[in-house]
Amino acid sequence: MLTSFRSRLIALLLGLLAMVQLGTAVAVLSSLKEDNYKQGVQAIDVAKNVFDLSLGSRADQLTKGVKILASDFGFKQAVATQEIGTIRSVLANHGARIGADVSLLIAPDGKIIAATKELNIDQTVTRLVQSARRSGGASINTMISFDGQAYQLVLVPIKAPNTIAWVGMTFLLDKKLAEQIKAVTGLDISFLGDTNGGQDFSGYSTLPEQDKHDLFQEIQDVAGMSEKPQFTNADKYLSLSIHLTAKDQWGVLHLPYKPWLESYNRARNQLLLIFTGALALALLVGILLARNLTAPIERLVEFARQIGLVGSDAKAPAVTGEFCVLSNTMMSMQSSIALREEELTNRALHDLHTGLYNRNAVEQHLASTLPRENGCLVLVDIRHFKDLNNMLGFDNGDALLLSVTERLLGWASHAVMQARIAGDQFLLVFESDITPEQCHSLCACFDPVFIVEGSEVHLSVAVGILPFEETITSVNDAMRRLDITVDRAKEESAGFAFYQTGQDESHQRQLRIIGDLSTALESQQMFVVYQPKVGVAGKDCNEAEALVRWQHPELGFIPPDEFISLLEQAGNIQLLTHWVINTVLSQLQVWWRDGHRIRVAINLSAHDLVNEQLPKFIEQALKENELPVEALALEVTESAVMKDRNKVIQVLNGLQSLGIHLAIDDFGTGQSSLAYLRELPVNEVKIDRAFIQYIDTNKGDEFIVKASIELSHSLGFQVTAEGAENIEGVALLEHYQCDKIQGYYFSKPLMADDFLQWQQAFQPA
């Protein structure tokens with residue numbers, strides 16, 4: 001029938017065709033489902049517009065009803081004469097006529113004079129009235145939240161002819177209103193109130209009672225539902241939330257999705273029936289062909305398996321057609337495998353250039369012998385070998401490695417294993433410990449020059465020694481500690497170092513700090529504190545410096561100097577910088593919204609200053625938090641500026657073009673000078689605490705600070721002094737006309753709420 005492999009391959013392609021049909025069915029169904037969803041979204045968008053119009057129309061009607069009362073002459077007279085009994089009666093009667101839940105009379109300063117029901121909204125009403133008075137508004141119509149429920153609040157001034165009071169009505173957004181809006185939109189409506197930070201919801205709904213209960217239990221991210229309709233109640237409804245402008249109050253539109261699903265299911269069943277029939281036919285043909293197609297392949301697979309098990313003793317199967325070529329090839333491979341296995345085994349465990357054991361051999365040996373108490377590992381690192389290799393060329397570099405190998409073998413002939421584990425590192429394994437004298441001897445064997453192509457080459461080595469102990473239980477433990485030790489040996493004048501207990505723990509602590517950064521940012525282990533910056537001229541405090549603190553759940557308090565330097569070395573510092581910027585701007589948004597115009601300075605690292613996207617990121621962050629550029633200042637160190645001067649100045653110019661206040665931090669301790677400083681687009685110089693701390697007792701520090709202030713002022717810079725700790729130092733700084741001072745004399749760094757309290761209570765001496 002089908003005797004050639006090509007014919008069998010054609011049969012296989014027929015089976016693949018059936019799979020293509022199945023894929024087509026999936027694509028069609030996906031398209032149907034997407035179209036259904038889009039239609040549902042369009043329907044709910046139309047309902048949202050109707051919902052907004054309904055609430056707007058209701059607001060206009062309610063305002064008209066309240067204005068009728070505000071214009072009533074008898075009511076005005078009662079208000080003018082402070083007839084509280086009459087006022088209460090009129091409020092109750094008129095509120096009942098227009099369906100108000102609470103009626104209230106408010107004084108011109110925003111205090112509630114009378115109300116038909118006790119509502120704890122005094123501050124809200126006061127703020128609204130004062131805001132309307134400043135803006136000259138004729139009436140107020142807004143949403144408020146009370147006891148987890150949304151109310152529509154209408155306030156109208158009573159004029160005679162000046163405003164003598166405000167009359168207000170509140171209207172609960174309840175099920176009756178939801179039913180009215182449902183009659184217009186054709187969709188179910190729910191009014192939700194968040195009573196427990198996104199965990200518990202209560203309110204009114206036109207949904208059936210069980211669906212309402214399920215919705216209130218299920219819903220989690222009601223804010224996310226405002227951006228895009230989401231399925232709720234086990235996909236029974238497509239829901240869209242609308243914020244009611246009152247805190248934690250939402251309206252939710254529910255589109256019944258069952259009709260859409262039924263239409264989709266009918267189409268799906270029809271398509272699946274058609275494609276299943278075609279798939280079954282294709283599978284039937286495939287099964288008939290597979291028996292003939294796979295028989296020779298199975299015999300060859302068994303032959304390959306036998307080669308893997310018994311090698312050259314495996315016998316080739318009898319096959320016909322094109323598979324004879326494959327069978328003969330496998331037989332040739334069988335004879336070559338045995339020869340190559342031996343060669344590969346040798347190469348897997350030996351270094352090709354030196355003939356010594358390689359890292360794999362060392363790891364296998366250690367894995368079988370650890371843990372142990374006697375013996376040691378000796379790691380010999382050829383210093384600057386990469387530079388020598390580039391200078392001499394690879395061929396001469398290989399010749400140099402052979403000479404190094406000869407000397408090591410001559411010195412360590414009694415070693416259990418000699419290995420080359422990296423390009424410039426050799427490892428020796430000893431059954432017994434070695435002494436410092438032996439280490440000196442090992443280093444000394446590299447003192448004589450090496451002759452390479454007639455040239456003399458001097459080599460310097462660093463030797464790390466790791467004595468075995470029971471705590472070294474794995475190859476990873478041993479190699480990690482050995483690397484730590486050889487790094488320390490590079491700093492020792494003797495050229496060698498023994499592993500000291502605790503070095504690995506310190507290394508592990510550093511790795512733990514670097515690895516836990518993301519978790520710390522997400523779990524609020526890190527937080528920001530604010531150190532006040534006191535203005536000398538105005539004796540006030542409208543600025544602060546943001547400082548990061550890290551309270552690790554296991555490591556305890558981690559000093560900023562420790563984790564910041566580690567994050568800079570690991571390249572993770574920008575992740576921390578972005579978190580600090582977002583955190584500080586979020587706090588500033590709260591302060592500025594409440595009328596506290598505080599400017600906060602954030603420190604940038606050298607890695608941040610070479611990021612050309614930094615100005616764009618900060619500009620976007622300010623816009624998202626609705627903050628002016630005056631709210632933010634940035635501080636950079638001299639050393640960071642000198643890392644890549646041209647690129648840093650480019651980034652600083654981008655920040656200055658936004659109008660952001662820039663300062664040079666720790667001035668006087670870095671690599672730059674005022675000659676460089678005048679080229680930088682900065683506004684402020686911060687004199688380092690090293691010159692400020694003892695200014696009252698050290699004349700040298702005093703002269704330096706005085707000169708720095710005068711020179712900075714002559715260049716047009718403001719000057720801030722860091723580290724002021726006593727009144728004498730503050731007095732000197734004021735005498736030399738320093739612009740701003742920060743230090744423990746005024747306050748230590750404070751949490752946001754504590755800083756605000758300190759600022760409001762600040763009384764300079």
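The following exercises, with solutions, concern one protein chain in a predicted model.

Local features are taken at pLDDT of at least 70, side-chain atom pairs count only at pLDDT 80 or more, and totals for chains, interfaces and linings use all residues. Residues are numbered from 1 along each chain as its sequence is written, and side-chain values use heavy atoms, with hydrogens and water left out.

**Exercise 1. Overall content**

State how many helices and strands the protein chain has, and what share of its residues count as buried.

Solution. Helices (H or I, at least four residues) and strands (E, at least two) are DSSP runs, numbered from the N terminus. Counted in this way, the protein chain has 26 helices and 26 strands. For burial, the relative accessible area is used: buried is under 20%, exposed is over 50%, and partly exposed lies in between (1.4 Å probe, protein chains only). Of the 765 residues, 44% count as buried.

**Exercise 2. Backbone geometry in loops**

Find the loop in which Pro371 lies and describe the peptide bond from Leu370 to Pro371. Then locate Lys539 and Gln737, and give the phi of Lys539 and of Gln737.

Solution. Pro371 sits in the loop between helix 9 (359-369) and strand 11 (376-382). The bond that joins Leu370 to Pro371 is cis, with omega near -5°.

Lys539 belongs to the loop that connects strand 18 (526-535) and strand 19 (540-552). Its phi is positive, about 50°, although Lys539 is not a glycine. Lys539 is partly exposed, at a relative accessible area of 34%.

Gln737 is in the loop between helix 25 (727-735) and strand 26 (740-742). Gln737 is not a glycine either, yet has a positive phi of about 65°. With a relative accessible area of 56%, Gln737 is exposed.

**Exercise 3. Cysteines**

Determine how many disulfides there are, and which cysteine sulfur is nearest to that of Cys439.

Solution. A disulfide is a pair of cysteine sulfur atoms within 2.5 Å. The count by this rule is 0 disulfides. For Cys439, the nearest cysteine sulfur is that of Cys443, 6.9 Å away, and Cys439 is in no disulfide. Cys439 is buried, at 0% relative accessible area. Cys541 also counts as buried, at 4% relative accessibility.

**Exercise 4. Packing of helix 17 and helix 19**

Describe how helix 17 and helix 19 cross, and list the residues that meet.

Solution. Two packed helices are described by the angle between their axes and the distance between the axes. Axes are lines fitted to C-alpha atoms, for helices over the stretch in contact, and angles run from 0 to 180 degrees between N-to-C directions. The axes of helix 17 (residues 573-593) and helix 19 (residues 614-624) come within 10 Å and cross at roughly 30°.

Contact means heavy atoms within 4.5 Å. From helix 17, His578, Ile581, Asn582, Leu585 and Gln589 meet Phe617, Ile618, Ala621, Leu622 and Glu624 of helix 19.

**Exercise 5. Surroundings of Pro749**

Place Pro749 in the chain and name its contacts beyond neighbours within four places in sequence.

Solution. Pro749 lies in the loop between strand 26 and helix 26 (752-761). Pro749 is buried, with a relative accessible area of 15%. Leaving those neighbours aside, its contacts are Val529, Tyr530, Gln531, Leu547, Arg549 and Tyr744.
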